[in-house]
Amino acid sequence: MYDVSSPTYWDESYRSGRTGWDLGMPTPVFQRLAQSGKFQPGKMLVICAGRGYDARLFARLGFEVTAVDFAEAAVKEMKSRRELNVSLEVMQADIFDLPFFMSEEFDYILEYTCFCAINPDRRAEYIHSVSSLLRRGGIFIALAFPIGSRAGGPPFVVSPDELILPLAERGFRLIMREVPVDSVPGREGIEELLIFKKK
Ligand SMILES: C[S@@+](CC[C@H](N)C(=O)[O-])C[C@H]1O[C@@H](n2cnc3c(N)ncnc32)[C@H](O)[C@@H]1O
């Protein structure tokens, strides 16, 4: 039985090419947001960054990005694809360990296919990590996927309320919610963009 909490499971997926989640490009929804000019560059943490397309997207636009993943193969690829003249730090780390050595450091946290990749039993810990790592007034951008009701995973299905309700208890205000029109084929209607501001 595989263990999604172990980096080995994910590392083997990368090494054997079982990376069906990988878009091979930045997420179109994030490209639109990044280019909208609504978000001024700041310190951004990209969690479960995978091969780093979204991290590089924001780094190119002047954000000071820290991209975290615990799979060695993903981290190696991100490091090898780093670009000149952008601020991108690549870290091999477990997102659940980050609050032990970082606190309220980031202006932004960005997530796609991270909440659905962790063991659902750890969702409260995930909320704790996001809440601890974001500074007051900071923005959490989550593209919640896949919304639905099937058993098993990964990806484990998610419900927007699983983010909205516990984050509200921690003082996060939902400032934007939409079903994107620019989801990639196959993901239309089963993802929601949720943007929160931490008080
Ligand atoms: C489904 S993939 C998504 C990768 C990337 N967000 C993308 O869309 O291409 C999930 C990623 O989360 C990473 N991951 C899962 N649990 C993690 C954890 N606890 N800490 C850090 N990375 C984790 C895996 O190594 C994998 O790269």
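Helices (H or I, at least four residues) and strands (E, at least two) are DSSP runs, numbered from the N terminus. The structure is a predicted model, in which local features need pLDDT of at least 70 and side-chain atom pairs count only at pLDDT 80 or more, while totals for chains, interfaces and linings use all residues. Residue numbers start from 1 along each chain as its sequence is written. Within the unit, strand 2 and strand 3 pair in the parallel sense over five bridges, pairing being assigned if DSSP finds at least two bridges between two strands. In this pairing, Val-65 stands opposite Leu-88 of strand 3.

The chain as a whole contains six helices and seven strands. From the N terminus on, these elements follow the order α-α-β-α-β-α-β-β-α-β-α-β-β. The radius of gyration of the chain is 16 Å, close to the 16 Å that the globule rule gives for 199 residues, so the chain is as compact as a globular protein of that length. This radius is taken over C-alpha atoms, and the rule is 2.2 Å times the number of residues to the power 0.38. Along the principal axes, the C-alpha atoms fill a box of roughly 45 × 40 × 35 Å. Of the 199 residues, 37% count as buried; a residue is buried if 20 or more other C-beta atoms, placed from the backbone, lie within 10 Å of its own, exposed if 12 or fewer do, and partly exposed in between. Among contacts between residues at least 6 apart in sequence, 67% join residues at least 24 apart, a contact requiring C-beta atoms, placed from the backbone, within 7 Å.

Helix 3 (residues 53-60) is mostly covered, with seven of its eight residues buried. The buried residues are Tyr-53, Asp-54, Ala-55, Arg-56, Leu-57, Phe-58 and Ala-59. They pack against helix 2 (28-35), strand 1 (43-47), strand 2 (64-69), strand 3 (88-92) and strand 4 (106-112). After helix 3 comes Gly-62, whose phi is positive, near 100°.

Positive phi values also occur in residues other than glycine. Cys-48, in the loop between strand 1 and helix 3, has a phi near 55°. Cys-48 counts as buried because it has 22 C-beta neighbours inside 10 Å. Thr-113, in the loop between strand 4 and helix 5 (123-133), has a positive phi of about 50°. With 21 C-beta neighbours inside 10 Å, Thr-113 is likewise classed as buried.

Cys-48 belongs also to the surroundings of the ligand. In total, 19 residues surround the ligand, and the closest are Trp-10, Cys-48, Gly-50, Phe-70 and Ala-71; a residue is near a molecule if its C-beta atom, placed from the backbone, lies within 6 Å of it. This shell has 14 nonpolar, two polar and three charged residues, where Ala, Val, Leu, Ile, Met, Phe, Trp, Tyr, Cys and Pro count as nonpolar, Asp, Glu, Lys and Arg as charged, and the others, Gly among them, as polar.

One joins Gly-153 and Pro-154, with omega about 0°. Another joins Pro-154 and Pro-155, also with omega about 0°.

Note on methods. Two residues are in contact if their C-beta atoms, placed from the backbone, lie within 7 Å.
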